Amino acid sequence: MIENFIIPIPGSTDLKNKLWDIRDGMCKQTFEGHESDINSVTWMSNKNNFGSGAEDASSRLFDIRSDQQLAVYAVGEPGTTGICSVAFSKSGRILFAGSYDCSVYVWDVLRLEGICRLESHENRVASLGVNDDGSALCTASWDTFLKVWN
């Protein structure tokens, strides 16, 4: 059961996402793919997939059942910007990625396509949240503003 596991690595500097069994404290799975420090990790609502965002200007989708990376959502070349926050829509169809370039990138997870880029902040987008009914996204930035998008 997934409830017996956690991913405690937002901020991993070893470039890996690790799935830990909290009952015995042992790492059960390791997911590779990022090329730079990982800043954020979030679960998809199905609890079988998770997304992560990193300094390599990408967000990635992983599947714990198949033990592999499923997709890469790149917002630029490594070194041009970084992803500091990620969140999924309630359905898991949309991946939001807050970046150092003051934007939120919105991706269609199934089609591997960018939907849009939300631009309104004046500093990095450090945190994202989707409300309970999935009708709005809240972004928090180092510019000291919270913004609600619907």
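Reader: Which residue lies over the face of phenylalanine 145?
Author: In this predicted model, that residue is lysine 147, placed 5.9 Å from the ring centre.

Reader: And what lies over the face of tyrosine 100?
Author: Arginine 124 does, at 3.9 Å from the centre of the tyrosine 100 ring.

Reader: Let us turn to rings that pair with each other. How many aromatic pairs are there in the whole structure?
Author: The search finds five aromatic pairs. One of them joins phenylalanine 31 and phenylalanine 50 in an edge-to-face arrangement, with 5.1 Å between the centres and 80 degrees between the planes.

Reader: Why does that pair tie together parts that are apart in sequence?
Author: Phenylalanine 31 belongs to strand S3 (residues 26–32) and phenylalanine 50 to strand S5 (residues 49–54), so their contact links parts 19 residues apart in sequence.

Reader: Are phenylalanine 31 and phenylalanine 50 buried or exposed?
Author: Both phenylalanine 31 and phenylalanine 50 are buried. Phenylalanine 31 also forms an edge-to-face pair with phenylalanine 62, at 5.7 Å centre to centre and 65 degrees between the planes.

Reader: Where does phenylalanine 62 lie?
Author: Phenylalanine 62 is in strand S6 (residues 58–63), while phenylalanine 31 is in strand S3, so this pair ties together parts that are 31 residues apart in sequence. Phenylalanine 62 is buried, as is phenylalanine 31.

Reader: Which residues make up the aromatic cluster with Phe31?
Author: Trp43, Phe50 and Phe62 form one aromatic cluster together with Phe31.

Conventions. Residues are numbered from 1 along each chain as its sequence is written. This is a predicted model: local features need pLDDT of at least 70, side-chain atom pairs count only at pLDDT 80 or more; totals for chains, interfaces and linings use all residues. Side-chain values use heavy atoms; hydrogens and water are left out. Rings of Phe, Tyr and Trp (its six-membered ring) pair if their centres lie within 6.5 Å; planes under 30 degrees apart count as stacked, over 60 as edge-to-face and the rest as tilted. Helices (H or I, at least four residues) and strands (E, at least two) are DSSP runs, numbered from the N terminus. Buried means under 20% relative accessible area, exposed over 50%, partly exposed in between (1.4 Å probe, protein chains only). A charge sits over a ring if NZ of Lys or CZ of Arg is within 6 Å of the ring centre and within 35 degrees of the ring normal.
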